Amino acid sequence: MKTVVVKCGGSVLKELSDSFFNSMKSLIEDGYQIVFVHGGGPEINAMLEKMDVESEFKNGLRVTSREVLEAAELVLSGSMNRKLVRMLEQKGIPAIGVQSSDQGILRADFISQEELGFVGDVTAVNKNVLELFLQAGLLPVMTPIAKGPDGTVLNVNADHAAGAAAYALAADHLLMVTDVPGVLKDGKLIPSLTAAETNELIDSGVISGGMIPKVKTALKALQSCEHVHIVSGKKPFYEGGKWYGTLFNKEETI
Ligand SMILES: Nc1ncnc2c1ncn2[C@@H]1O[C@H](COP(=O)(O)OP(=O)(O)OP(=O)(O)O)[C@@H](O)[C@H]1O
Ligand SMILES: [Mg+2]
């Protein structure tokens, strides 16, 4: 069975359209099995604001103190995960919430404790648990919180978490759903990108902030994944076998 890992941005979770869920249903009808990983950026920011803690990012990654980690886990596991599972169920897609630090579904190690605090990069994925859910006809919805070393948990950028899940599951597609139609330049959608073109756009500053971990994940995922796309959650992303958004290509197109 073909597998699609869908990373759903916290940026768009509240704005997911009916047409987005119709595209999801088309994928299921066309024989794809689906695993979700979600983020929670704006809601974590809002929670930190309430706590009077400033949000700080380095290259699109959230600097995570112990206090920020607790807030992030609360928002991701307690609010965003619940919302997404319920939305899928309301649309008739049987789903189940997965706390990724349980059973080391995601394991991670510090990227740089000095620079970023409790932020991890995924080192292993327990895909057996995910496959059990898939075999039971349930769509797993994963939080981007991983089991770290020595009993810690680590905050993982959800794009990175989705890339790691796609690799472990040998997914055919990695789909990153966000609040913009794809990678934009001068406000216009770039329909396809190679690694060289993407790196140029990072260097020139056209790609910035939260788009940086997304495109870096896309390029890394191309090593194992046939198709990598960034799409909008506000519109359909898949209709009649056709995909929208920005598609990442392994090779230069001639
Ligand atoms: N060249 C670009 N094209 C499109 N978006 C860009 C570009 N450069 C920077 N961005 C920003 O990247 C944002 C998407 O990343 P962001 O991390 O904010 O959302 P997300 O990953 O979907 O959500 P979350 O981080 O909550 O999971 C866009 O809303 C846009 O502001
Ligand atoms: Mg992001």
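Asp 52 is found in the loop that joins helix 2 (41-50) to strand 3 (57-58). In this predicted model, the phi angle of Asp 52 is near 65°, a positive value in a residue that is not glycine. Asp 52 counts as exposed, because its relative accessibility is 74% and the cut-off for exposed residues is over 50%. Asp 186 also has a positive phi, near 50°, and is likewise a residue other than glycine. Asp 186 is placed in the loop between strand 12 (184-185) and strand 13 (188-189). With a relative accessibility of 77%, Asp 186 counts as exposed.

A further loop position is Pro 149, between strand 9 (145-147) and strand 10 (153-155). Pro 149 has a relative accessibility of 27% and therefore counts as partly exposed. Apart from neighbours within four places in sequence, the residues in contact with Pro 149 are Ala 108, Asp 109, Phe 110 and Leu 154. Between Pro 149 and Asn 22 the C-alpha to C-alpha distance is 40 Å, and the separation in sequence is 127 residues.

The model contains an open sheet of eight strands, in the order 5-8-2-1-11-15-18-14, with mixed pairing. Strand 5 (95-98) and strand 14 (192-193) are at the edges; each has a single partner strand, so one side of each is left without a neighbour in the sheet. Helix 5 (residues 127-135) packs on this sheet and touches strand 2 (32-38), strand 5 and strand 8 (139-142). The direction of helix 5 makes about 140° with that of strand 8.

Elsewhere in the sheet, strand 11 (residues 173-178) pairs with strand 15 (residues 227-232) in the parallel sense, over six bridges. Leu 174 has Val 228 of strand 15 as its bridge partner. Helix 8 (residues 211-221) lies across strand 11 and strand 15, and also across strand 1 (2-8) and strand 18 (246-248). Helix 8 runs at about 170° to strand 11. Of the 11 residues of helix 8, nine are buried, and the helix is thus mostly covered. The buried residues in helix 8 are Met 211, Ile 212, Pro 213, Lys 214, Val 215, Thr 217, Ala 218, Leu 219 and Ala 221.

Seven aromatic pairs were found in a search of the whole structure. One of them, Phe 20 with Phe 237, is tilted, with 5.3 Å from centre to centre and 50° between the planes. Phe 20 belongs to helix 1 (residues 18-29), whereas Phe 237 is in the loop between strand 15 and strand 16 (238-239), so the pair ties together parts that are 217 residues apart in sequence. Phe 20 and Phe 237 are both buried. Tyr 32 and Trp 243 form an edge-to-face pair, at 6.3 Å centre to centre and 90° between the planes. This pair links distant parts of the chain, with Tyr 32 in strand 2 and Trp 243 in strand 17 (residues 242-243), 211 residues apart.

The residues of both pairs belong to one aromatic cluster, formed by Phe 20, Phe 21, Tyr 32, Phe 237, Tyr 238 and Trp 243.

Definitions and conventions. Residues are numbered from 1 along each chain as its sequence is written. Chains are lettered from A and ligands numbered from 1 in the order in which they are written. This is a predicted model: local features need pLDDT of at least 70, side-chain atom pairs count only at pLDDT 80 or more; totals for chains, interfaces and linings use all residues. Side-chain values use heavy atoms; hydrogens and water are left out. Two strands pair if DSSP finds at least two bridges between them. Helices (H or I, at least four residues) and strands (E, at least two) are DSSP runs, numbered from the N terminus. Contact means heavy atoms within 4.5 Å. Axes are lines fitted to C-alpha atoms, for helices over the stretch in contact, and angles run from 0 to 180 degrees between N-to-C directions. Buried means under 20% relative accessible area, exposed over 50%, partly exposed in between (1.4 Å probe, protein chains only). Rings of Phe, Tyr and Trp (its six-membered ring) pair if their centres lie within 6.5 Å; planes under 30 degrees apart count as stacked, over 60 as edge-to-face and the rest as tilted.
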